[in-house]
Amino acid sequence: MMYKLKLIEKLRYLKILPGLVMVISILTLISNLVSYEADMDLLFGVGITSLVSGCIIYFEFSSNSLQDFRICIANLWWGLILGLFTFSVKYYRWWSYDDRDRLTDMLLTTSTLLRCCCIFLDRCAANVVYKSCLVTRSEMSMICGFFSVGVFFVNGEADVDLFVVSVASTLLISNMRMKCTMAFPYMLLYAAVSGIAVYDNMGHKMNKYALICYHLHLIFPSVSDFYFSPLSAIERWSCTFWLSWCKQLLIIACALITEIIFCLLAYYVIFIHPEFELLIMVPILTFVFIIWVCAHFGFLSSEITLAGKLVECQEFYRKLPTSNSGTDIAHIMSNKGVRQLAMVGQQIVSCALLSTVVFGGLAWRRENATYPAIVLFILGLECLSFGRHRELAVKLGGTCTAYAIIAPTTVANPKSIVTLLPVDSIKKQNDRATSLISSLHRFFAIYLVESLGCEYSTSGTGVGAVDDKIRNLFSKRHNNDSSYDTYMLYYSGLTLADGSLVLAGNGTISPEQIIRTWQETCGSLCRDLSSPSRLLLVLDVADAGPWLRMVSNLRCDYVAVQACRLDGDVIKKLDSGDPEVGIEQKFEPGDFTPMWCHWNTSCSSSEGWYGESPLRPVYAVSRRWTDFALRSPYNNVKDDFSHAWICRPCLAASTSCSRKLNLVRLLGAPGRRYRRLKMRWFPPGVLDTGHGFKLVRM
């Protein structure tokens, strides 16, 4: 902890460096102006700017009080500075580009790269508090500063273009921070279209280096959060769950107005085509326009329906008694059918997104910046909507069933028939079992896990009985004769060197046997399986290494194991026989379960694991674990959804088109590949299961 505090203090001083380099670039600009005999008014203005920049650096880092306010003011100022560098280039650089100008741009770029390094180190040192928000206040401050300067310099016709592309940049930040499936494709599209078709067509000379530096300043924090943010999908989107009905309708109305403007601008392309091309363009555009209108009627309907359902969940949550303060809004949303709406909505939004790409591409033109800017705005909004529907559809709710085995922790010797027990062994075993059963029952009740039972006996349970119970667990089906999303198997007791579970009568069950049973019942070897399920193994054992290695090598099944290990320093002391190692630092099966259950039910993921405990959690997942999605709704929600609106044919056409083209899976491919590579190379410290509880590793 002291090392972390020292590192954070050093980073605080390091953050001063980007601002100082920025001030040096301004001073270099002053020297250029002096050498080219600029007006005194311009020299005075640039000199005041450098002086205020130095004051802003001192104001931002002078103390820790009102830190958010200081950061917002500093970002507003740096947005103004970058805006001045970008838009006022013809006032401070009327001569031909020379080496001193190149030095100014290099210093500006160096300042930006240093700032990006500080942002990256901040997140590596866990010096960031993550919370649910689409855009932070500091980012909005920088956008406002840049936009205000741009409005002052560009002509009146380009003000609207600059405003629309600024809003599109906020949507890009939101897509990144929410980890939307289409975030990176949209970022590449934004970089290409804004650079080529928006800023170049504003009719104003700009400093391209300063423009790139501004976007790096603005977007890099959210790009870094795409990897470093530990928030689960429901936690990230929770800021949108509490919007009032009026705010949600206002957002939908703004989106509708923008869609209408987009239609008018898109059809204007007809007037710029030669007459002989109209015979081809008019029928094609009309046909695509009809498809676009149908898809977007469904898009608006799904958004209004989801908004109404979220308001209903808010009202239900506020009416809950204070004794149920532990109830999460996600549980209410799951019970109110939000996930079912999202399952249908993701198909509708994917069809709307594809129709916008096709319609916008056919009507594309570059003679002004308005049309490309509005296309970026609409695509960013629809990518964000698709990301929310997708996350709600695959991460909200779901069914889970569990079975627990608590075996005695007496000394087991598989080569001997008789095992000698200590005097107070039975009392200790009963106390341990009572504590574990209490923790597990509370855990199952909070996260709505349907329990198949908890097996415990002072003399142990036979292999045959446990094997039958495990098969019954894997064969258990939901009320509508469909398999559960997740099957959870818990074991606390002794294991052999190969990871086999030790049961009564020196009987054992090997890891390969359990995985084989799972594959035949609900996994890759089951031929009658309509939709896949997951297996979650929670092992409170002394050595879970064989299980971790085996699960991490599985390719075609969705399996995860949560276990624990002793801290490395404690293991070295135990191996060396250090007398300073106390009894509380020695591990016995059963010590990990209460800590893991309490961490999931009472602590937030940002608090981290228990620092003083010698136990460290560890998990492993199969290679395709991140590809799993909770299955589709069981009832006929699509018909219920369609009957609620006049535009039922539009909804039916959108969902049918999405299913036939497999749009949801196609648009989700970049996200699946990213999650798979991230899990293999940089597994997160906290992994959300989609049922509310999480797996953790240290």
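Predicted model: local features only at pLDDT ≥ 70, side-chain atom pairs only at ≥ 80, totals over all residues.
Residues are numbered from 1 along each chain as its sequence is written, and side-chain values use heavy atoms, with hydrogens and water left out.

Student: How many salt bridges does a search of the whole structure find?

Tutor: Side chains of opposite charge can pair when their charged atoms come close. A salt bridge here is a side-chain nitrogen of Lys or Arg within 4 Å of a carboxyl oxygen of Asp or Glu. Searching the whole structure gives a total of 12.

Student: How many residues apart in sequence are the parts tied together by Lys694 and Glu235?

Tutor: The side chains of Lys694 and Glu235 meet in a salt bridge, at 2.8 Å from N to O. Lys694 lies in strand β10 (residues 694-696) and Glu235 in helix α11 (residues 233-241); helices (H or I, at least four residues) and strands (E, at least two) are DSSP runs, numbered from the N terminus. The pair therefore ties together parts whose separation in sequence is 459 residues.

Student: Is Lys694 buried or exposed?

Tutor: Buried means under 20% relative accessible area, exposed means over 50%, and partly exposed lies in between (1.4 Å probe, protein chains only). Lys694 has a relative accessibility of 7%, so Lys694 counts as buried.

Student: In which helix do Arg471 and Asp467 both lie?

Tutor: Arg471 forms a salt bridge with Asp467, with the closest N and O atoms 3.4 Å apart. Arg471 is partly exposed at 37%, whereas Asp467 is buried at 17%. The two are four residues apart, about one turn of their helix, which is α18 (residues 463-475).

Student: What separates Glu520 and Arg516 along helix α19?

Tutor: These two side chains also meet in a salt bridge, 3.1 Å from N to O. Glu520 is partly exposed at 39%, and Arg516 is partly exposed at 46%. Because Glu520 and Arg516 are four residues apart in α19 (residues 511-521), the separation is about one helical turn.

Student: Are α7 and α10 roughly parallel or roughly antiparallel?

Tutor: The axes, lines fitted to C-alpha atoms over the stretch in contact, are compared by an angle from 0 to 180 degrees between N-to-C directions. Those of α7 (residues 137-153) and α10 (residues 208-228) come within 10 Å and cross at roughly 165°. Angles under 35 degrees count as roughly parallel, over 145 as roughly antiparallel, 65 to 115 as roughly perpendicular and the rest as oblique. So α7 and α10 are roughly antiparallel.

Student: Which helix gives the largest share of the nonpolar patch?

Tutor: A patch is made of residues with over 30% relative accessible area and no salt bridge, where like charges are joined within 9 Å and nonpolar side chains (Val, Leu, Ile, Met, Phe, Trp, Tyr) within 5 Å. This one consists of Leu279, Ile280, Ile284, Leu354, Val357, Val358 and Leu362, with about 610 Å² of accessible area together, by the Shrake-Rupley method with a 1.4 Å probe, only the protein chains shown counting as cover for residues. Helices α13 (275-318) and α15 (338-362) each supply at least two of its residues. The largest share, four residues, comes from α15.
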